[in-house]
Amino acid sequence: MTTETQGAPRTYDVRTYGCQMNVHDSERISGLMEDAGYVRATDADAADVVVFNTCAVRENADNRLYGNLGHLRPTKLKNPGMQIAVGGCLAQKDKGDIVRKAPWVDVVFGTHNIGSLPALLERARHNEEAQVEILESLEVFPSTLPTKRESTYAGWVSISVGCNNTCTFCIVPSLRGREKDRRPGDILAEVRALVAEGVLEVTLLGQNVNSYGVEFGDRLAFGKLLRACGEVDGLERVRFTSPHPKDFTDDVIAAMAETPNVCHSLHMPLQSGSDRVLKAMRRSYRQEKYLGIIEKVRAAMPDAAITTDIIVGFPGETDEDFEQTLEVVRRARFSSAFTFQYSKRPGTPAATMEEQVPKKVVQERYDRLIATLEDITWAENRKLVGEKVEVLVAVGEGRKDERTGRMSGRARDGRLVHFATGDLAPRPGDIVETVITYAAPHHLNADGAPLSHRRTRAGDAFEAGATPKLKGISLGLPTVGVPAPLPPAAEGCSL
């Protein structure tokens, strides 16, 4: 297969919407395209192929997609050789409806067959007609695919795909399928491959990371995986997202506290603080269990930064239910939160529930939640003024950095830090130690000269313009039976 036209390779641009899963899938799409001979477009508006990696969870996702497709139609009419592909969750949900609504789209592919994209594009060009291919179950575990990473210093590593939960507000299980777990050795092989390329930080990724191991019968597999990551030489930071409170076990807390490179940051979705609403959501934990997990995490790691997701205005939510959510927020002392006003998602049980909460009421509650959260996050951040933090320098985190003369990055606990560089010249991927001088609700500033600057291989790679591009790790789907045990991990001490 070739993508060359009159000697010049065809160009591509990937446009991503939605969650971390989609961001990581887009890295795979980019890897596939480049393996097929395409090159990334320097001018996204002039790309030969535009790929939309869509989300079906966010509000008005379909309107946003069709609006963007409409904007591209005149460009496509002027350039008949241009191709448009639509993948991701909305493609999995709408299937052939996308081509019926936007007949200028060339390819529609789903969440289970990302690897088919280059062939589908070539087939559409050859046949001069749209190609729609949606599989209902996973064909190849996505991590077998080549991946073009977007960062020299941080990488996503999928440990599972799909979800076995049945939350009434969520359409993900029907679009991503049931949970499929990767073998521990395969995950660690990808982690080591990333570290060999200079990556310092990995985030273990799954719809429900702490149910990892259910498919091969080891309910303690996730804690073992965290400890095994602690044995990877050169890996400085390990994060994970997202756990489900119903599956959270004490061994995971112990692994976090005792494995030096596992960061003391935890994103654990709450959704609601009301037991009645949690039951209606089919979230199989209650307020007491949720707060109990946080209490244990803080006992083991007093410096832990805990973040969450909260939905306001779920069908049937009363003022009393909402006050319960505020009570949990006050007791949990979150360092930040992703907050959402409930909106109907076609295909979910909640969309047909009675007692839909009026928009005006939802907005009023939402405003109160945001005000409460900001008071708490600001107070928690102010506790760090005068404290020394280790910052992994990032790119694109601080929108005002150029104007203020600062650079930005993430502390080990995940907080965003804008810092003055002094006489130093740190690069994205380098490590800086500095002292916090100012706190805001959503970020920290360090305006004094850094205490230290450590140049890293990730910084070297950034300076050289190189990002990791991994061939697919030869994984395959999980096989039947219990996998080989994880390698023993030495006991460490809490950071």
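Q: What covers the buried residues of helix α11 in this predicted model?
A: The cover includes α9 (250–258), β15 (265–267), α10 (275–281), β16 (305–312) and α12 (319–332), where helices (H or I, at least four residues) and strands (E, at least two) are DSSP runs numbered from the N terminus. Residues are numbered from 1 along each chain as its sequence is written.

Q: Which residues of α11 are called buried?
A: They are Q287, Y290, L291, I293, I294 and V297, and the word buried stands for under 20% relative accessible area, exposed for over 50%, and partly exposed for what is in between (1.4 Å probe, protein chains only).

Q: What makes the buried residues of α11 line one face of the helix?
A: Seen down the axis of α11, the buried residues fall within an arc of 150 degrees, so they line one face; the arc is that of the directions from the helix axis to the C-beta atoms. The face turned away from this buried side carries the exposed residues E288, E295 and A299.

Q: How do you know that the span of α11 agrees with what its 14 residues should give?
A: The expected span is 1.5 Å times one less than the number of residues, and for α11 (residues 287–300) this should be 20 Å, which agrees with end C-alpha atoms that are 20 Å apart.

Q: Why are β15 and β17 called edge strands?
A: The open sheet of 3 strands has the order β15-β16-β17, with parallel pairing, and β15 and β17 (336–341) each pair on one side only. Two strands pair if DSSP finds at least two bridges between them, and 3 bridges join β15 to β16; S265, for example, has A305 in β16 as its bridge partner.

Q: Why is S26 called buried, and what does S26 touch?
A: S26, in helix α1 (residues 20–35), has a relative accessible area of 5%, which is under 20%, and therefore counts as buried. Not counting residues up to four places away in sequence, S26 touches V14, T16 and N53, contact meaning heavy atoms within 4.5 Å.

Q: What makes the pairing of the S26 side chain with that of T16 a polar contact?
A: The distance is 2.6 Å, and a polar contact is a pair of N or O atoms within 3.5 Å, where within protein one must be able to donate a hydrogen and the other to accept it, and residues adjacent in sequence count only if both atoms are side-chain atoms. The side chains of S26 and N53 are likewise joined by a polar contact, of 2.9 Å.

Conventions:
Predicted model: local features only at pLDDT ≥ 70, side-chain atom pairs only at ≥ 80, totals over all residues. Heavy atoms only, no water.
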